[in-house]
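Work through the exercises below with the model open. Each task is followed by a stepwise solution.

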Amino acid sequence: PEITAAGRGVTLAPPTRLRMVETHVGKVNGRCNGLRGESLPAEFTSSFSTQDGAWGAVTRPSEPLVSTSTKRGSVAIDSAGNAIAVWSASDVDTKKSRVYASRYTVASASWTAPIDLAAPDESKDGYGPSIAMDFDGNAMVVWRQLNSFSAESQTLIASREFNAASGAWGPLEFVTRVPGSIDPHLAISIRDVALVTWQSREVDGTPSIWVSRKITGQSNEHW
């Protein structure tokens with residue numbers, strides 16, 4: 001194993017991935033000296049156990065919204081274990097559908113209250129969100145948004161970015177305003193390049209797949 005020391009801390013990095021459900025013991029004996037040459041009065045021992053790899057308790061990002069039908073969720077997680085979940089929910093009375101997001105942080109061990117990603121534009125319906133996140137927790141969400149409440153031909157692809165440093169969502173943007181765009185899927189590379197694919201139709205009605213690219217986190221960068 002690789003051992004490094006900094007100040008009063010010592011870090012031990014195993015050469016291979018540890019197996020699940022094992023107890024590991026680390027020992028430091030008197031042959032280790034302090035910065036002034038002082039030795040340990042006695043052997044120091046510390047141990048830990050690896051987890052079992054089983055699913056944890058079932059939780060949900062938010063309480064069910066009143067009079068809504070929730071569907072198609074998507075979730076992404078960063079290197080520290082922070083996550084963002086997105087989903088669409090339809091009001092059973094008005095039939096309007098919105099796209100919501102909730103963030104989980106390791107520090108709080110809880111989910112934030114859901115926000116409406118399409119707000120304040122209450123006239124548009126949103127469906128089928130897809131989310132991707134980079135190593136540092138910056139995220140992007142894309143979804144299918146309707147300009148009317150009936151015709152599929154009026155659907156566009158909308159997007160919003162989340163900045164992990166500020167904890168804020170950026171403005172609503174459109175990946176494409178070509179009518180009839182549906183079923184978006186998103187990916188982000190380690191170099192913060194976002195790619196989104198979606199289905200649309202040619203003039204003769206033939207289905208086709210489209211793709212667009214964007215550098216995330218750039219205010220002057222557009223789809």
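This is a predicted model: local features need pLDDT of at least 70, side-chain atom pairs count only at pLDDT 80 or more; totals for chains, interfaces and linings use all residues.

**Exercise 1. A loop alanine**

Is Ala109 buried or exposed?

Solution. 
- Step 1. Residues are numbered from 1 along each chain as its sequence is written, and side-chain values use heavy atoms, with hydrogens and water left out.
- Step 2. Set the classes: buried is under 20% relative accessible area, exposed is over 50%, and partly exposed lies in between (1.4 Å probe, protein chains only).
- Step 3. Ala109 has a relative accessible area of 54%, so it is exposed.
- Step 4. Locate Ala109: the loop between β7 (97–105) and β8 (110–111). Strands are DSSP runs of E with at least two residues, helices are runs of H or I with at least four, and numbering starts at the N terminus.
- Step 5. Check the backbone. Ala109 is not a glycine, yet its phi is positive, about 55 degrees.

**Exercise 2. A loop valine**

Which loop holds Val21, and is Val21 buried or exposed?

Solution. 
- Step 1. Val21 sits in the loop between β2 (9–13) and β3 (23–28).
- Step 2. Its relative accessibility is 61%, so Val21 counts as exposed.
- Step 3. The phi of Val21 is positive, about 55 degrees, although the residue is not a glycine.

**Exercise 3. Chain totals**

Solution. 
- Step 1. The chain has 223 residues, and 31% of them are buried.
- Step 2. Take contacts (heavy atoms within 4.5 Å). Of those with a separation of 6 or more, 39% join residues 24 or more positions apart.
- Step 3. The chain exposes about 14400 Å², with 55% supplied by carbon and sulfur atoms. Accessible areas come from the Shrake-Rupley method with a 1.4 Å probe; for residues, only the protein chains shown count as cover.

**Exercise 4. The end of a strand**

What does the side chain of Thr105 make a polar contact with?

Solution. 
- Step 1. Thr105 belongs to strand β7.
- Step 2. Thr105 is buried, at 18% relative accessible area.
- Step 3. Its side chain makes a polar contact with the side chain of Ser108, at 2.4 Å. The criterion is a pair of N or O atoms within 3.5 Å; within protein, one must be able to donate a hydrogen and the other to accept it, and residues adjacent in sequence count only if both atoms are side-chain atoms.
- Step 4. Set aside neighbours within four places in sequence. Thr105 is then in contact with Asn82 and Ser110.

**Exercise 5. Salt bridges**

How many salt bridges does the whole structure hold, and which residues are linked in a network?

Solution. 
- Step 1. Apply the cut-off: a side-chain nitrogen of Lys or Arg within 4 Å of a carboxyl oxygen of Asp or Glu.
- Step 2. The search finds four.
- Step 3. One of them joins Asp116 and Arg98, at 2.9 Å from N to O. Asp116 is in β9 (residues 115–116) and Arg98 in β7, so the pair ties together parts 18 residues apart in sequence. Asp116 is buried at 17%, and Arg98 is buried at 6%.
- Step 4. Lys214 bridges to Glu161, with the closest N and O atoms 2.9 Å apart. Lys214 lies in β17 (residues 207–215) and Glu161 in β12 (residues 155–163), so this pair ties together parts 53 residues apart in sequence. Lys214 is buried at 1%, and Glu161 is buried at 16%.
- Step 5. Glu173 also bridges to Lys214, at 2.5 Å between the closest N and O atoms. Glu173 is in β14 (residues 173–176), 41 residues from Lys214. Glu173 is buried too.
- Step 6. Glu161, Glu173 and Lys214 are therefore linked in a network of salt bridges, by the definition above.

**Exercise 6. An aromatic pair**

How many aromatic pairs does the structure hold?

Solution. 
- Step 1. The structure holds three.
- Step 2. Trp87 and Tyr100 form a stacked one, 6.3 Å centre to centre with 25 degrees between the planes.
- Step 3. Trp87 lies in β6 (residues 83–91) and Tyr100 in β7, so the pair ties together parts 13 residues apart in sequence.
- Step 4. Check the cut-offs: rings of Phe, Tyr and Trp (its six-membered ring) pair if their centres lie within 6.5 Å, and planes under 30 degrees apart count as stacked, over 60 as edge-to-face and the rest as tilted.
- Step 5. Trp87 and Tyr100 are both buried.
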